[in-house]
Amino acid sequence: MLLLPCLMGSLAAATEGQVQRGKTFVGANCATCHAVGRIGTSPLSEAPAFRDLHTKYPVEDLGEALAEGITTGHPTMPEFQLEPDQITDVLAYLKSLER
């Protein structure tokens, strides 16, 4: 898939705007279940904190899943299918949590 190399290149030079847009997206769409910031616990206990995702697998690997639609996760997780710019923004935000 050609999308992944483009996303990986974008992550290396993520802008503050991309990080902020990603933060806004996950805050609006994911924070009901996941801890999306640097601190705090997930409201839904089985939903992993986003700041810990990089310890389980490379965040870049989520790009394809976000493009095709995440259908797994916890039982109540809605299906998401993001546009390329949204994926870049969300991945940039997730990468920023690794620091």
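## Surface and burial

The chain exposes about 5800 Å² (Shrake-Rupley method, 1.4 Å probe), and carbon and sulfur atoms supply 56% of that area. Of the 99 residues in the chain, 41% are buried (under 20% relative accessible area, with a 1.4 Å probe and protein chains only).

The model is predicted: local features need pLDDT of at least 70, side-chain atom pairs count only at pLDDT 80 or more, and totals for chains, interfaces and linings use all residues. Residues are numbered from 1 along each chain as its sequence is written, and side-chain values use heavy atoms, with hydrogens and water left out.

## Secondary structure

The chain holds four helices and zero strands (DSSP runs, H or I of at least four residues for helices and E of at least two for strands, numbered from the N terminus). Among contacts (heavy atoms within 4.5 Å) between residues at least 6 apart in sequence, 59% join residues at least 24 apart.

## Packing of α2 and α4

Helix α2 (residues 16–29) packs against helix α4 (residues 84–96) at an angle of about 95°, with the axes 7 Å apart; axes are lines fitted to C-alpha atoms over the stretch in contact, and angles run from 0 to 180 degrees between N-to-C directions. The two helices are therefore roughly perpendicular (65 to 115 degrees). Contact residues include Phe-25 and Val-26 of α2 and Val-90 and Tyr-93 of α4.

## Helix α4

From first C-alpha to last, the 13 residues of α4 reach 18 Å, close to the 18 Å expected at 1.5 Å a residue (1.5 Å times one less than the number of residues). Among the buried residues of α4 are Ile-87, Val-90, Leu-91 and Leu-94.

Notes:
Angles under 35 degrees count as roughly parallel, over 145 as roughly antiparallel, 65 to 115 as roughly perpendicular and the rest as oblique. Buried means under 20% relative accessible area, exposed over 50%, partly exposed in between (1.4 Å probe, protein chains only).
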